[in-house]
Amino acid sequence: MRIKNNPIIWFPLAIAISIVLGIFIGNHISTKKFVLDKDRKINTVLNFIEGEYVDSVNIHDLVEQTIPKVIANLDPHSYYIPAKDVTSVNDELDGSISGIGVTFSMMNDTAHVIEVISGGPAEKAGMMAGDRIVTVNDSIITGNLISSEKVQRLIKGEKGSTVKIGIKRNNSKTILNLDIVRGDIPINTVDAAYVIDKNTGYVKVSKFGRNTYNEFLTSLVILESKGCTKFIIDLRGNAGGYMEMATLMANEFLSKGEMIVFTKGRDPRENIQVWSDNNGSFHDAQVAVLIDEYSASASEILAGALQDNDRGIVVGRRSFGKGLVQKQTYLPDSSALRLTIARYYTPSGRCVQKGYKSGDDMSYSTELYDRYSNGEVYNVDSIKVDKSHIFKTANGRTVYGNGGIVPDIFVPNDTSGITSYYIAVVNKGLLNKYSFEYIDKNRERLSKIKDVKALMRALPSDDALTFNFVMYAKENGVPVRWYYISQSRDLLARQLKAMIVRDLLGIEAQYMVFNKDDKTVAAALKALKNGDAEFPVKIEIQGNKQHK
(Lines give C-alpha, C1' and ligand atoms only; values in the text may rest on other atoms or scores of the structure.)
Protein backbone atom coordinates (compact mmCIF):
# COMPACT_ATOMS: atom_id res chain seq x y z
CA MET A 1 0.00 0.00 0.00
CA ARG A 2 1.33 3.47 -0.95
CA ILE A 3 1.17 5.48 2.29
CA LYS A 4 1.44 8.95 0.74
CA ASN A 5 -1.85 8.50 -1.09
CA ASN A 6 -3.77 7.29 1.95
CA PRO A 7 -5.97 10.19 3.23
CA ILE A 8 -6.66 8.33 6.49
CA ILE A 9 -2.98 8.71 7.43
CA TRP A 10 -2.45 12.31 6.14
CA PHE A 11 -5.60 13.86 7.64
CA PRO A 12 -4.53 13.62 11.35
CA LEU A 13 -1.07 14.85 10.38
CA ALA A 14 -2.57 17.93 8.66
CA ILE A 15 -4.61 18.72 11.76
CA ALA A 16 -1.51 18.46 13.95
CA ILE A 17 0.44 20.80 11.68
CA SER A 18 -2.45 23.31 11.75
CA ILE A 19 -2.52 23.28 15.54
CA VAL A 20 1.23 23.89 15.77
CA LEU A 21 1.02 26.77 13.25
CA GLY A 22 -1.88 28.27 15.19
CA ILE A 23 0.11 28.24 18.42
CA PHE A 24 3.12 29.74 16.62
CA ILE A 25 1.10 32.55 15.02
CA GLY A 26 -0.75 33.22 18.25
CA ASN A 27 2.51 33.72 20.13
CA HIS A 28 3.62 36.28 17.53
CA ILE A 29 0.46 38.39 17.68
CA SER A 30 0.04 38.48 21.45
CA THR A 31 -0.71 42.21 21.36
CA LYS A 32 -3.63 41.75 18.99
CA LYS A 33 -4.85 38.80 21.10
CA PHE A 34 -4.73 41.00 24.22
CA VAL A 35 -6.85 43.67 22.55
CA LEU A 36 -9.34 41.10 21.28
CA ASP A 37 -9.62 39.50 24.71
CA LYS A 38 -10.34 42.87 26.27
CA ASP A 39 -12.85 43.61 23.52
CA ARG A 40 -14.65 40.36 24.30
CA LYS A 41 -14.74 41.32 27.98
CA ILE A 42 -16.36 44.67 27.20
CA ASN A 43 -18.87 43.03 24.87
CA THR A 44 -19.63 40.41 27.53
CA VAL A 45 -20.37 43.14 30.08
CA LEU A 46 -22.59 45.04 27.64
CA ASN A 47 -24.48 41.88 26.63
CA PHE A 48 -24.96 40.96 30.29
CA ILE A 49 -26.35 44.45 31.05
CA GLU A 50 -28.68 44.32 28.06
CA GLY A 51 -29.99 40.89 28.96
CA GLU A 52 -30.08 40.91 32.75
CA TYR A 53 -30.13 44.50 34.10
CA VAL A 54 -33.25 45.31 36.10
CA ASP A 55 -34.19 48.35 33.99
CA SER A 56 -34.22 48.72 30.24
CA VAL A 57 -31.00 50.35 28.99
CA ASN A 58 -30.08 51.93 25.67
CA ILE A 59 -26.77 50.18 25.00
CA HIS A 60 -25.83 52.68 22.29
CA ASP A 61 -26.17 55.57 24.73
CA LEU A 62 -24.20 53.63 27.33
CA VAL A 63 -21.34 53.11 24.87
CA GLU A 64 -21.39 56.80 23.92
CA GLN A 65 -21.05 57.72 27.59
CA THR A 66 -18.35 55.15 28.29
CA ILE A 67 -15.89 55.80 25.45
CA PRO A 68 -15.03 59.37 26.54
CA LYS A 69 -14.35 58.10 30.06
CA VAL A 70 -11.97 55.44 28.72
CA ILE A 71 -10.11 57.97 26.56
CA ALA A 72 -9.92 60.43 29.46
CA ASN A 73 -7.58 58.03 31.25
CA LEU A 74 -4.90 58.43 28.55
CA ASP A 75 -3.86 62.09 28.25
CA PRO A 76 -5.58 65.50 28.23
CA HIS A 77 -5.66 65.82 24.43
CA SER A 78 -6.96 62.46 23.23
CA TYR A 79 -10.72 62.60 22.83
CA TYR A 80 -13.77 61.03 21.27
CA ILE A 81 -15.99 62.87 18.75
CA PRO A 82 -19.60 61.62 18.47
CA ALA A 83 -20.83 61.12 14.92
CA LYS A 84 -23.22 64.08 15.18
CA ASP A 85 -20.33 66.44 15.98
CA VAL A 86 -17.69 65.23 13.52
CA THR A 87 -18.67 67.56 10.68
CA SER A 88 -18.76 70.72 12.78
CA VAL A 89 -15.45 69.85 14.50
CA ASN A 90 -13.72 69.25 11.16
CA ASP A 91 -15.28 72.29 9.45
CA GLU A 92 -13.49 74.63 11.84
CA LEU A 93 -10.11 73.67 10.41
CA ASP A 94 -11.02 72.50 6.91
CA GLY A 95 -11.49 76.03 5.61
CA SER A 96 -15.18 76.26 4.80
CA ILE A 97 -18.66 75.53 6.07
CA SER A 98 -21.99 75.37 4.31
CA GLY A 99 -24.34 78.17 5.33
CA ILE A 100 -25.59 81.61 4.37
CA GLY A 101 -22.56 83.72 5.31
CA VAL A 102 -23.44 85.95 8.26
CA THR A 103 -22.07 86.72 11.69
CA PHE A 104 -24.72 87.43 14.30
CA SER A 105 -24.98 88.20 17.98
CA MET A 106 -27.86 87.47 20.37
CA MET A 107 -29.09 90.74 21.90
CA ASN A 108 -32.42 91.34 23.60
CA ASP A 109 -33.44 87.75 22.75
CA THR A 110 -33.01 88.33 19.02
CA ALA A 111 -30.27 87.43 16.52
CA HIS A 112 -28.75 90.69 15.24
CA VAL A 113 -26.68 90.43 12.06
CA ILE A 114 -23.26 91.91 12.73
CA GLU A 115 -21.53 91.10 9.46
CA VAL A 116 -22.58 89.82 6.04
CA ILE A 117 -19.71 88.03 4.29
CA SER A 118 -18.89 89.66 0.99
CA GLY A 119 -19.96 87.52 -1.97
CA GLY A 120 -21.78 85.04 0.26
CA PRO A 121 -25.32 83.72 -0.21
CA ALA A 122 -26.85 86.14 2.32
CA GLU A 123 -25.37 89.19 0.62
CA LYS A 124 -26.58 87.98 -2.77
CA ALA A 125 -30.08 87.59 -1.33
CA GLY A 126 -30.05 91.16 0.00
CA MET A 127 -29.36 90.69 3.71
CA MET A 128 -27.60 93.61 5.41
CA ALA A 129 -25.67 94.23 8.62
CA GLY A 130 -28.15 95.48 11.22
CA ASP A 131 -30.95 93.14 10.16
CA ARG A 132 -32.67 91.17 12.90
CA ILE A 133 -33.42 87.52 12.15
CA VAL A 134 -36.92 86.81 13.46
CA THR A 135 -37.97 83.67 11.57
CA VAL A 136 -36.30 80.69 9.92
CA ASN A 137 -38.51 78.62 7.60
CA ASP A 138 -41.55 80.46 9.04
CA SER A 139 -40.68 79.42 12.61
CA ILE A 140 -40.26 82.28 15.10
CA ILE A 141 -36.75 82.35 16.62
CA THR A 142 -37.02 85.19 19.12
CA GLY A 143 -37.46 85.01 22.88
CA ASN A 144 -35.45 84.12 25.94
CA LEU A 145 -35.51 80.39 25.14
CA ILE A 146 -33.66 80.87 21.85
CA SER A 147 -29.89 80.37 21.96
CA SER A 148 -27.29 81.37 19.39
CA GLU A 149 -26.47 77.66 18.97
CA LYS A 150 -30.09 76.90 17.99
CA VAL A 151 -30.18 79.77 15.51
CA GLN A 152 -26.93 78.56 14.00
CA ARG A 153 -28.24 75.01 13.63
CA LEU A 154 -31.35 76.26 11.86
CA ILE A 155 -29.40 78.48 9.47
CA LYS A 156 -26.69 75.96 8.57
CA GLY A 157 -27.45 73.15 6.16
CA GLU A 158 -26.37 71.24 3.10
CA LYS A 159 -24.86 73.13 0.20
CA GLY A 160 -27.50 73.90 -2.41
CA SER A 161 -30.45 73.69 0.00
CA THR A 162 -32.70 76.69 0.51
CA VAL A 163 -33.57 78.37 3.79
CA LYS A 164 -36.26 81.04 4.21
CA ILE A 165 -35.11 83.83 6.51
CA GLY A 166 -37.48 86.47 7.87
CA ILE A 167 -35.77 89.70 8.87
CA LYS A 168 -36.80 92.93 10.56
CA ARG A 169 -35.08 96.03 9.19
CA ASN A 170 -35.18 99.47 10.78
CA ASN A 171 -36.55 101.22 7.70
CA SER A 172 -39.30 98.66 7.13
CA LYS A 173 -42.45 98.11 9.16
CA THR A 174 -43.03 94.62 7.75
CA ILE A 175 -41.03 91.39 7.88
CA LEU A 176 -38.82 90.91 4.83
CA ASN A 177 -38.59 87.30 3.67
CA LEU A 178 -35.43 86.17 1.88
CA ASP A 179 -34.99 82.79 0.19
CA ILE A 180 -31.28 82.04 0.54
CA VAL A 181 -29.53 79.13 -1.18
CA ARG A 182 -26.85 77.82 1.17
CA GLY A 183 -23.31 77.64 -0.16
CA ASP A 184 -19.69 77.20 0.91
CA ILE A 185 -18.58 79.95 3.30
CA PRO A 186 -14.82 80.40 3.59
CA ILE A 187 -13.39 80.38 7.11
CA ASN A 188 -10.47 82.79 7.21
CA THR A 189 -7.74 82.02 9.72
CA VAL A 190 -5.72 85.19 9.12
CA ASP A 191 -7.93 87.81 10.76
CA ALA A 192 -5.78 90.84 9.98
CA ALA A 193 -2.78 91.82 7.86
CA TYR A 194 -1.83 95.48 7.57
CA VAL A 195 1.09 97.91 7.72
CA ILE A 196 1.31 98.80 11.38
CA ASP A 197 4.37 101.06 11.44
CA LYS A 198 6.37 102.31 8.42
CA ASN A 199 8.16 99.16 7.23
CA THR A 200 6.54 96.72 9.68
CA GLY A 201 3.64 94.42 8.83
CA TYR A 202 1.26 92.93 11.38
CA VAL A 203 -0.38 89.53 10.76
CA LYS A 204 -2.95 88.02 13.12
CA VAL A 205 -3.36 84.24 12.80
CA SER A 206 -6.36 82.93 14.75
CA LYS A 207 -5.92 79.20 14.08
CA PHE A 208 -3.97 76.77 11.89
CA GLY A 209 -6.50 75.47 9.37
CA ARG A 210 -6.11 73.76 6.03
CA ASN A 211 -5.74 77.06 4.17
CA THR A 212 -3.71 79.01 6.75
CA TYR A 213 -0.36 78.79 4.97
CA ASN A 214 -1.81 80.15 1.72
CA GLU A 215 -3.56 82.98 3.59
CA PHE A 216 -0.40 83.74 5.54
CA LEU A 217 1.92 83.75 2.53
CA THR A 218 -0.49 85.94 0.56
CA SER A 219 -0.56 88.40 3.45
CA LEU A 220 3.24 88.53 3.65
CA VAL A 221 3.59 89.10 -0.10
CA ILE A 222 1.05 91.94 -0.04
CA LEU A 223 2.73 93.56 2.96
CA GLU A 224 6.14 93.21 1.31
CA SER A 225 4.77 94.96 -1.78
CA LYS A 226 3.85 97.85 0.54
CA GLY A 227 7.42 98.16 1.77
CA CYS A 228 7.40 95.88 4.83
CA THR A 229 10.72 94.24 5.73
CA LYS A 230 9.76 93.40 9.33
CA PHE A 231 6.82 91.34 10.53
CA ILE A 232 4.86 90.82 13.72
CA ILE A 233 3.09 87.45 13.78
CA ASP A 234 0.37 87.51 16.42
CA LEU A 235 -0.40 84.01 17.75
CA ARG A 236 -2.02 85.09 21.01
CA GLY A 237 -5.11 83.03 21.73
CA ASN A 238 -4.28 80.64 18.87
CA ALA A 239 -4.91 77.12 20.17
CA GLY A 240 -3.30 75.43 17.15
CA GLY A 241 -4.56 73.12 14.44
CA TYR A 242 -2.71 71.44 11.58
CA MET A 243 1.00 71.02 12.38
CA GLU A 244 1.91 71.08 8.68
CA MET A 245 0.73 74.68 8.36
CA ALA A 246 3.09 75.77 11.15
CA THR A 247 6.07 74.05 9.51
CA LEU A 248 5.33 75.64 6.13
CA MET A 249 5.06 79.07 7.74
CA ALA A 250 8.35 78.61 9.62
CA ASN A 251 10.00 77.48 6.38
CA GLU A 252 9.36 80.93 4.88
CA PHE A 253 11.89 82.45 7.27
CA LEU A 254 14.54 79.71 7.59
CA SER A 255 17.58 78.92 5.44
CA LYS A 256 18.17 75.47 4.00
CA GLY A 257 18.88 72.63 6.40
CA GLU A 258 17.53 74.14 9.61
CA MET A 259 15.42 71.92 11.83
CA ILE A 260 11.80 73.02 12.19
CA VAL A 261 10.31 70.25 14.34
CA PHE A 262 10.57 66.52 14.96
CA THR A 263 8.19 63.98 16.46
CA LYS A 264 8.66 60.75 18.39
CA GLY A 265 6.04 58.07 18.92
CA ARG A 266 5.87 54.45 20.03
CA ASP A 267 5.36 53.46 16.40
CA PRO A 268 8.60 54.19 14.48
CA ARG A 269 6.49 55.47 11.58
CA GLU A 270 5.56 58.45 13.75
CA ASN A 271 9.22 59.48 14.15
CA ILE A 272 9.36 62.37 11.69
CA GLN A 273 11.85 65.19 11.14
CA VAL A 274 10.97 68.38 9.27
CA TRP A 275 13.80 70.52 7.88
CA SER A 276 13.72 73.82 6.01
CA ASP A 277 14.31 73.56 2.26
CA ASN A 278 15.46 77.11 1.39
CA ASN A 279 12.31 77.75 -0.67
CA GLY A 280 11.05 80.44 1.69
CA SER A 281 10.80 84.02 0.45
CA PHE A 282 11.51 85.95 3.66
CA HIS A 283 14.96 84.82 4.80
CA ASP A 284 16.09 88.39 5.47
CA ALA A 285 12.98 89.69 7.19
CA GLN A 286 13.07 90.48 10.90
CA VAL A 287 10.36 88.64 12.80
CA ALA A 288 8.63 89.00 16.17
CA VAL A 289 6.14 86.37 17.34
CA LEU A 290 3.50 87.25 19.94
CA ILE A 291 2.30 84.51 22.30
CA ASP A 292 0.31 84.19 25.51
CA GLU A 293 -0.94 81.46 27.81
CA TYR A 294 -3.59 80.47 25.25
CA SER A 295 -1.11 79.93 22.39
CA ALA A 296 -0.79 76.18 21.95
CA SER A 297 0.26 73.28 19.73
CA ALA A 298 0.98 74.55 16.19
CA SER A 299 1.48 78.06 17.61
CA GLU A 300 4.23 76.67 19.81
CA ILE A 301 5.79 74.79 16.89
CA LEU A 302 6.10 78.02 14.89
CA ALA A 303 7.31 80.10 17.84
CA GLY A 304 9.71 77.35 18.96
CA ALA A 305 11.20 76.86 15.48
CA LEU A 306 11.99 80.56 15.10
CA GLN A 307 13.23 80.92 18.68
CA ASP A 308 15.46 77.81 18.68
CA ASN A 309 17.04 78.77 15.36
CA ASP A 310 17.56 82.33 16.67
CA ARG A 311 15.51 83.48 13.72
CA GLY A 312 12.76 85.41 15.47
CA ILE A 313 12.14 87.06 18.80
CA VAL A 314 9.25 85.81 20.95
CA VAL A 315 7.26 88.42 22.87
CA GLY A 316 4.49 88.08 25.44
CA ARG A 317 3.83 85.45 28.09
CA ARG A 318 4.58 81.73 28.50
CA SER A 319 2.56 79.65 26.05
CA PHE A 320 0.08 76.91 26.95
CA GLY A 321 2.38 73.89 26.77
CA LYS A 322 0.85 71.33 24.37
CA GLY A 323 3.45 69.06 22.81
CA LEU A 324 1.28 66.08 21.92
CA VAL A 325 0.34 65.07 18.36
CA GLN A 326 -3.09 63.62 17.62
CA LYS A 327 -4.27 61.43 14.75
CA GLN A 328 -7.96 61.26 13.84
CA THR A 329 -9.40 57.83 13.07
CA TYR A 330 -13.00 57.21 11.98
CA LEU A 331 -15.03 54.49 13.68
CA PRO A 332 -17.67 52.31 11.96
CA ASP A 333 -20.59 54.58 12.93
CA SER A 334 -18.83 57.68 11.49
CA SER A 335 -17.78 58.91 14.92
CA ALA A 336 -14.09 59.63 15.35
CA LEU A 337 -11.25 59.24 17.78
CA ARG A 338 -8.43 61.75 18.06
CA LEU A 339 -5.66 59.77 19.71
CA THR A 340 -2.26 61.03 20.80
CA ILE A 341 0.32 59.12 18.75
CA ALA A 342 3.51 61.13 19.29
CA ARG A 343 5.21 64.02 21.03
CA TYR A 344 6.75 66.86 19.08
CA TYR A 345 10.06 68.54 19.86
CA THR A 346 11.46 71.94 18.90
CA PRO A 347 14.83 72.13 17.12
CA SER A 348 16.79 72.35 20.38
CA GLY A 349 15.27 69.05 21.46
CA ARG A 350 12.75 70.33 24.00
CA CYS A 351 9.21 69.04 24.32
CA VAL A 352 6.98 71.90 25.41
CA GLN A 353 4.24 69.63 26.82
CA LYS A 354 3.46 70.64 30.39
CA GLY A 355 3.11 67.96 33.02
CA TYR A 356 -0.06 65.92 33.43
CA LYS A 357 -1.29 62.82 35.21
CA SER A 358 -3.38 60.34 33.25
CA GLY A 359 -7.02 60.68 34.19
CA ASP A 360 -6.47 63.91 36.16
CA ASP A 361 -8.21 66.46 33.97
CA MET A 362 -8.97 68.80 36.85
CA SER A 363 -5.42 69.86 37.73
CA TYR A 364 -4.50 70.08 34.05
CA SER A 365 -7.46 72.27 33.18
CA THR A 366 -6.88 74.58 36.15
CA GLU A 367 -3.19 75.10 35.41
CA LEU A 368 -3.88 78.34 33.53
CA TYR A 369 -5.93 79.60 36.46
CA ASP A 370 -2.95 78.83 38.69
CA ARG A 371 -0.77 81.08 36.54
CA TYR A 372 -3.11 83.97 37.28
CA SER A 373 -3.40 83.18 40.98
CA ASN A 374 0.37 82.83 41.49
CA GLY A 375 1.05 86.07 39.60
CA GLU A 376 2.96 84.64 36.64
CA VAL A 377 0.96 86.57 34.03
CA TYR A 378 1.68 89.83 35.83
CA ASN A 379 5.30 89.47 36.97
CA VAL A 380 8.29 87.94 35.19
CA ASP A 381 9.78 86.89 38.54
CA SER A 382 6.88 84.47 38.98
CA ILE A 383 7.47 82.51 35.76
CA LYS A 384 8.00 78.85 36.57
CA VAL A 385 10.65 77.13 34.48
CA ASP A 386 11.82 73.54 34.73
CA LYS A 387 15.56 73.74 35.35
CA SER A 388 15.86 70.01 34.80
CA HIS A 389 14.90 70.55 31.15
CA ILE A 390 17.43 73.11 29.88
CA PHE A 391 18.24 73.37 26.17
CA LYS A 392 20.30 75.66 23.96
CA THR A 393 19.32 77.55 20.83
CA ALA A 394 21.52 77.66 17.72
CA ASN A 395 23.48 80.59 19.21
CA GLY A 396 23.69 79.10 22.68
CA ARG A 397 20.84 80.90 24.41
CA THR A 398 19.10 79.03 27.23
CA VAL A 399 15.53 77.82 26.67
CA TYR A 400 13.37 75.51 28.73
CA GLY A 401 11.18 72.51 28.00
CA ASN A 402 8.36 70.76 29.82
CA GLY A 403 6.00 73.72 30.09
CA GLY A 404 5.40 75.87 27.02
CA ILE A 405 7.52 78.47 25.22
CA VAL A 406 9.01 81.08 27.55
CA PRO A 407 9.19 84.42 25.67
CA ASP A 408 12.40 86.33 25.03
CA ILE A 409 10.63 89.52 26.09
CA PHE A 410 8.04 89.23 28.83
CA VAL A 411 5.01 91.55 28.71
CA PRO A 412 2.61 91.32 31.67
CA ASN A 413 -1.13 91.03 31.29
CA ASP A 414 -2.55 94.54 31.04
CA THR A 415 -5.15 95.15 33.76
CA SER A 416 -5.29 98.93 33.49
CA GLY A 417 -8.87 100.17 33.40
CA ILE A 418 -10.40 96.97 34.75
CA THR A 419 -12.59 98.00 37.68
CA SER A 420 -15.73 96.63 39.32
CA TYR A 421 -17.75 98.99 37.09
CA TYR A 422 -16.09 97.70 33.92
CA ILE A 423 -16.68 94.09 34.98
CA ALA A 424 -20.35 94.87 35.70
CA VAL A 425 -21.06 96.32 32.23
CA VAL A 426 -19.11 93.54 30.50
CA ASN A 427 -20.95 90.81 32.37
CA LYS A 428 -24.28 92.29 31.27
CA GLY A 429 -23.12 92.52 27.66
CA LEU A 430 -23.78 96.25 27.56
CA LEU A 431 -20.71 97.19 25.51
CA ASN A 432 -21.92 95.02 22.63
CA LYS A 433 -25.51 96.16 22.92
CA TYR A 434 -24.66 99.86 23.06
CA SER A 435 -22.26 99.72 20.11
CA PHE A 436 -24.84 97.88 18.01
CA GLU A 437 -27.61 100.33 18.90
CA TYR A 438 -25.30 103.26 18.15
CA ILE A 439 -24.56 101.84 14.71
CA ASP A 440 -28.24 101.11 14.14
CA LYS A 441 -29.11 104.78 14.70
CA ASN A 442 -26.19 106.09 12.62
CA ARG A 443 -25.76 103.35 9.99
CA GLU A 444 -26.84 105.43 7.00
CA ARG A 445 -24.22 108.10 7.79
CA LEU A 446 -21.39 105.85 8.97
CA SER A 447 -21.72 103.08 6.36
CA LYS A 448 -20.48 105.49 3.69
CA ILE A 449 -17.08 105.71 5.39
CA LYS A 450 -14.62 103.02 4.22
CA ASP A 451 -11.43 104.12 6.00
CA VAL A 452 -10.55 103.39 9.65
CA LYS A 453 -8.97 106.78 10.34
CA ALA A 454 -11.90 108.63 8.78
CA LEU A 455 -14.39 106.53 10.73
CA MET A 456 -12.58 107.20 14.01
CA ARG A 457 -12.78 110.94 13.30
CA ALA A 458 -16.50 110.62 12.68
CA LEU A 459 -17.14 109.03 16.07
CA PRO A 460 -17.76 111.05 19.26
CA SER A 461 -14.85 112.02 21.50
CA ASP A 462 -13.81 109.57 24.21
CA ASP A 463 -15.48 111.70 26.89
CA ALA A 464 -18.76 112.02 24.97
CA LEU A 465 -18.87 108.35 24.01
CA THR A 466 -18.14 107.22 27.56
CA PHE A 467 -20.73 109.59 29.08
CA ASN A 468 -23.44 108.42 26.69
CA PHE A 469 -22.58 104.81 27.43
CA VAL A 470 -22.67 105.38 31.19
CA MET A 471 -26.18 106.83 30.89
CA TYR A 472 -27.19 103.83 28.77
CA ALA A 473 -25.74 101.45 31.37
CA LYS A 474 -27.64 103.30 34.11
CA GLU A 475 -30.90 102.72 32.24
CA ASN A 476 -29.96 99.03 32.06
CA GLY A 477 -29.35 98.54 35.77
CA VAL A 478 -25.68 99.50 36.33
CA PRO A 479 -25.38 102.43 38.79
CA VAL A 480 -23.16 105.40 37.92
CA ARG A 481 -19.90 105.22 39.90
CA TRP A 482 -17.73 108.04 38.62
CA TYR A 483 -14.63 107.12 40.63
CA TYR A 484 -14.37 103.76 38.89
CA ILE A 485 -15.67 105.08 35.58
CA SER A 486 -12.82 107.60 35.42
CA GLN A 487 -10.33 104.75 35.85
CA SER A 488 -12.02 102.71 33.12
CA ARG A 489 -12.70 105.60 30.74
CA ASP A 490 -9.91 104.92 28.24
CA LEU A 491 -10.62 101.19 28.14
CA LEU A 492 -14.36 101.70 27.73
CA ALA A 493 -13.91 104.24 24.91
CA ARG A 494 -11.35 102.07 23.11
CA GLN A 495 -13.50 98.95 23.26
CA LEU A 496 -16.64 100.77 22.17
CA LYS A 497 -14.86 102.30 19.19
CA ALA A 498 -13.26 98.97 18.29
CA MET A 499 -16.67 97.25 18.29
CA ILE A 500 -18.24 100.00 16.20
CA VAL A 501 -15.37 99.86 13.73
CA ARG A 502 -15.56 96.07 13.47
CA ASP A 503 -19.29 96.10 12.77
CA LEU A 504 -18.81 98.64 9.98
CA LEU A 505 -15.42 97.71 8.48
CA GLY A 506 -14.64 94.16 9.64
CA ILE A 507 -12.35 92.40 12.10
CA GLU A 508 -9.08 93.71 10.62
CA ALA A 509 -10.22 97.25 11.35
CA GLN A 510 -10.91 96.22 14.94
CA TYR A 511 -7.31 95.06 15.36
CA MET A 512 -6.07 98.33 13.89
CA VAL A 513 -7.89 100.16 16.70
CA PHE A 514 -6.96 97.77 19.51
CA ASN A 515 -3.28 97.50 18.58
CA LYS A 516 -2.67 101.22 19.00
CA ASP A 517 -2.70 100.75 22.78
CA ASP A 518 -1.58 97.12 22.95
CA LYS A 519 1.53 96.83 25.16
CA THR A 520 2.66 93.51 23.68
CA VAL A 521 2.49 94.92 20.15
CA ALA A 522 4.36 98.01 21.36
CA ALA A 523 7.11 95.83 22.88
CA ALA A 524 7.48 93.92 19.60
CA LEU A 525 7.66 97.14 17.58
CA LYS A 526 10.31 98.48 19.93
CA ALA A 527 12.37 95.29 19.67
CA LEU A 528 12.21 95.34 15.86
CA LYS A 529 13.09 99.02 15.75
CA ASN A 530 16.06 98.62 18.12
CA GLY A 531 17.37 95.59 16.26
CA ASP A 532 16.71 93.19 19.14
CA ALA A 533 15.28 90.73 16.61
CA GLU A 534 18.69 90.47 14.92
CA PHE A 535 20.47 87.58 16.58
CA PRO A 536 22.45 86.76 18.62
CA VAL A 537 20.09 88.60 20.94
CA LYS A 538 21.05 89.37 24.53
CA ILE A 539 17.65 88.73 25.98
CA GLU A 540 17.35 85.60 28.06
CA ILE A 541 15.18 84.14 30.77
CA GLN A 542 17.56 82.81 33.42
CA GLY A 543 15.88 80.92 36.21
CA ASN A 544 12.87 83.04 37.01
CA LYS A 545 14.27 86.41 35.95
CA GLN A 546 14.70 88.29 32.74
CA HIS A 547 17.95 90.04 31.90
CA LYS A 548 18.88 92.30 29.06
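Contact means heavy atoms within 4.5 Å. This is a predicted model: local features need pLDDT of at least 70, side-chain atom pairs count only at pLDDT 80 or more, and totals for chains, interfaces and linings use all residues. Residues are numbered from 1 along each chain as its sequence is written, and side-chain values use heavy atoms, with hydrogens and water left out.

**The whole protein**

- The protein has 18 helices and 23 strands. Helices (H or I, at least four residues) and strands (E, at least two) are DSSP runs, numbered from the N terminus.
- Of its 548 residues, 45% count as buried. Buried means under 20% relative accessible area, exposed over 50%, and partly exposed in between (1.4 Å probe, protein chains only).
- Take the contacts with a separation of 6 or more: residues 24 or more positions apart account for 69% of them.

**Helix 16 and its partners**

- Two packed helices are described by the angle between their axes and the distance between the axes. Axes are lines fitted to C-alpha atoms, for helices over the stretch in contact, and angles run from 0 to 180 degrees between N-to-C directions.
- The axes of helix 16 and helix 17 (residues 507-514) come within 7 Å and cross at roughly 155°. Helix 16 is therefore roughly antiparallel to helix 17. Angles under 35 degrees count as roughly parallel, over 145 as roughly antiparallel, 65 to 115 as roughly perpendicular and the rest as oblique.
- The crossing of helix 16 and helix 17 is right-handed. A crossing is left-handed if the near helix is turned anticlockwise from the far one by less than a right angle, and right-handed if clockwise.
- On the helix 16 side, Arg494, Gln495, Ala498, Val501, Arg502 and Leu505 make the contacts. They meet Ile507, Ala509, Gln510, Val513 and Phe514 in helix 17.
- Helix 13 (residues 430-446) packs with helix 16 (residues 482-505) at an angle of about 50°, and their axes are 9 Å apart. That makes helix 13 oblique to helix 16.
- The crossing of helix 13 and helix 16 is right-handed. Residues of helix 13 in this packing include Leu431, Tyr434, Phe436 and Ile439. Among those they meet in helix 16 are Leu492, Leu496, Met499 and Ile500.

**Aromatic pairs**

- Rings of Phe, Tyr and Trp (its six-membered ring) pair if their centres lie within 6.5 Å; planes under 30 degrees apart count as stacked, over 60 as edge-to-face and the rest as tilted. By this rule the count comes to 14 aromatic pairs.
- One of them is Phe253 with Phe282, a tilted pair at 6.3 Å centre to centre, with 45° between the planes. Phe253 and Phe282 are 29 residues apart, and the pair links distant parts of the chain. Both are buried.
- Phe320 and Tyr364 form an edge-to-face pair, 6.1 Å centre to centre and 75° between the planes. Phe320 lies in the loop between strand 16 (313-316) and strand 17 (324-330) and Tyr364 in helix 10 (residues 361-365), so the pair ties together parts 44 residues apart in sequence.
- Phe320 is buried at 16% relative accessible area, and Tyr364 is buried at 8%.
- Phe216, Phe231, Phe253 and Phe282 form one aromatic cluster.

**A charge over two rings**

- Lys354 lies over the face of Phe320, 3.6 Å from the ring centre. Its charged end also sits over the ring of Tyr364, 4.9 Å from the centre. A charge sits over a ring if NZ of Lys or CZ of Arg is within 6 Å of the ring centre and within 35 degrees of the ring normal.

**An exposed residue**

- Glu244 is found in helix 8. Glu244 counts as exposed, at 52% relative accessibility.
- Glu244 and Ile301 are 57 residues apart in sequence. In space they are 9.8 Å apart, C-alpha to C-alpha.
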